[in-house]
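Please look at the two chains shown below, and keep the sequence at hand while reading this short report.

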Amino acid sequence: MKKRPGPPPGKIFLTFLKIGAFTFGGGYAMLPLIRETVVEREKWLSDEGFLDIISLTQSVPGALAVNAAVFIGRQLAGIPGALAATTGAVLPSFLIILFVAALFTRFSQHPLIIKVFMGIRPAVVGLIAYAVLLLGRKVIRARARGNGFTVAVAGAAFLLVYRFGLNPFLVIIAAAGAGLLYSFFPVGGDDP
Amino acid sequence: MILLTRLCDLFLSFSRIGLTAFGGGYAMIPLLRTEFIVARQWLTLGEFLDIIAIAEMTPGPVAINAATYIGYKVAGVPGAAAATLGVITPSVVLILIIAGLFQHYRSSPLVRAVISGIRPAVIALIFSAVLVMGRPVLVDFRAFFISLAAFLLLITGKMRPLPVIGLSALLGLLLY
């Protein structure tokens with residue numbers, strides 16, 4: 001099956017373990033580090049191959065870094081490679097969070113900790129608002145065509161969830177349906 | 001027995017979230033909120049925001065960090081394992097299925113059409129979550145100030161998320 005001998009799963013596991021243990025800032029921060037390791041240092045993939053993988057992982061649901069790990073591991077060493085990469089990427093998170101959670105549960109009622117999180121909570125709201133803007137800009141830029149549709153879907157989704165309290169899962173399914181319908185029957189406003 | 005059903009619930013809830021969250025960790029926030037604060041009431045809004053902050057402050061994918069933490073909070077170490085496995089299982093299964101034909105998948109007009117609908121909806125969902133979560137959090141001038149400062153520092157590129165959270169922790173100590 002294999003065209004050329006890939007790296008052994010053990011090596012893939014360790015590579016992703018290192019990335020998972022030392023990258024702060026989630027998936028978007030991990031992707032450049034994964035590229036540096038997999039393309040530049042280990043030369044397991046070409047730059048082009050890596051770009052393909054990134055664009056694919058963004059069109060699949062789930063955590064970006066995990067998607068990238070599964071895919072790269074699979075390309076390098078089949079299913080054992082995929083499992084090795086995924087376990088490596090996830091294991092540090094899992095262990096570190098267990099440790100932090102156990103600590104935090106013990107000290108969360110400490111007056112100083114309460115004060116700290118009184119400050120952190122509003123900042124997290126600001127952080128998520130920033131993510132909205134960042135993702136929004138990306139979507140608008142990615143669709144030079146059909147921005148009318150994009151805005152209509154966003155507006156409808158917002159109203160359904162915020163005003164009418166519809167379950168977000170249903171809204172996502174409905175939005176997928178709207179995307180399909182629009183591709184079959186594009187109506188107005190689709191000029192470049 | 002109760003633990004076992006909880007573990008199954010956690011696994012299934014997180015699988016569903018892993019299967020519908022297009023766009024990574026932030027796309028999961030509205031889904032997590034609906035599932036665990038509103039529907040199951042396993043977390044309060046305050047706890048949820050603390051968990052997101054901690055997930056952001058620790059290394060690794062934010063989605064995995066949040067899943068592990070929520071699972072731990074609901075059902076201890078087994079809960080953490082069930083939630084984490086739940087959130088990654090759809091990724092692993094889907095990608096292994098798609099991998100062989102990914103050139104077709106990526107350029108498939110059907111996939112593009114579906115995603116072109118989902119992307120803007122996801123952003124609207126996150127925005128709605130910001131408004132819903134902001135109301136009970138931004139109760140006074142101090143909270144409003146911290147939130148706005150965090151947003152402006154991030155949007156102008158003056159600071160990355162991690163230092164912003166550090167700064168807000170300091171402001172919390174000073175102002176409250």
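## Surroundings of Leu31(A)

Leaving aside residues up to four places away in sequence, Leu31(A) touches Phe50(A), Ile54(A), Leu64(A) and Ala68(A) in this model, which is a predicted one. Leu31(A) itself lies in helix α2 of chain A, a helix that covers residues 26-41.

Leu31(A) counts as buried because its relative accessibility is 9%, and the cut-off for that word is under 20%. Pro5(A) stands 26 residues from Leu31(A) along the chain, and the C-alpha atoms of these two residues are separated by 25 Å.

## Where the two chains meet

On the side of chain B, 93 residues are in contact with 86 residues of chain A. The area buried between the two chains is about 8,000 Å², and carbon and sulfur atoms give 80% of that area. Pro59(B), Ile95(B) and Tyr176(B) together supply 8% of the area that chain B buries against chain A, which is more than any other three residues supply.

Across the interface one salt bridge is found: Arg121(A) pairs with Asp50(B), and their closest N and O atoms are 2.8 Å apart. Between chain B and chain A, eleven residue pairs are in polar contact, with both residues at pLDDT 80 or more.

Several helices of chain B, among them α1 (2-20), α4 (62-99) and α6 (109-137), each supply at least two residues of the side that touches chain A. The largest share of that side, 24 residues, comes from α6(B). By residue type, the side of chain B that touches chain A divides into 64 nonpolar, 21 polar and eight charged residues.

Note on methods:
Residues are numbered from 1 along each chain as its sequence is written. Chains are lettered from A and ligands numbered from 1 in the order in which they are written. This is a predicted model: local features need pLDDT of at least 70, side-chain atom pairs count only at pLDDT 80 or more; totals for chains, interfaces and linings use all residues. Side-chain values use heavy atoms; hydrogens and water are left out. Contact means heavy atoms within 4.5 Å. Buried area is the accessible area (1.4 Å probe) that two parts lose on being put together, summed over both. A salt bridge is a side-chain nitrogen of Lys or Arg within 4 Å of a carboxyl oxygen of Asp or Glu. A polar contact is a pair of N or O atoms within 3.5 Å; within protein, one must be able to donate a hydrogen and the other to accept it, and residues adjacent in sequence count only if both atoms are side-chain atoms. Helices (H or I, at least four residues) and strands (E, at least two) are DSSP runs, numbered from the N terminus. Ala, Val, Leu, Ile, Met, Phe, Trp, Tyr, Cys and Pro count as nonpolar, Asp, Glu, Lys and Arg as charged, and the others, Gly among them, as polar. Buried means under 20% relative accessible area, exposed over 50%, partly exposed in between (1.4 Å probe, protein chains only).
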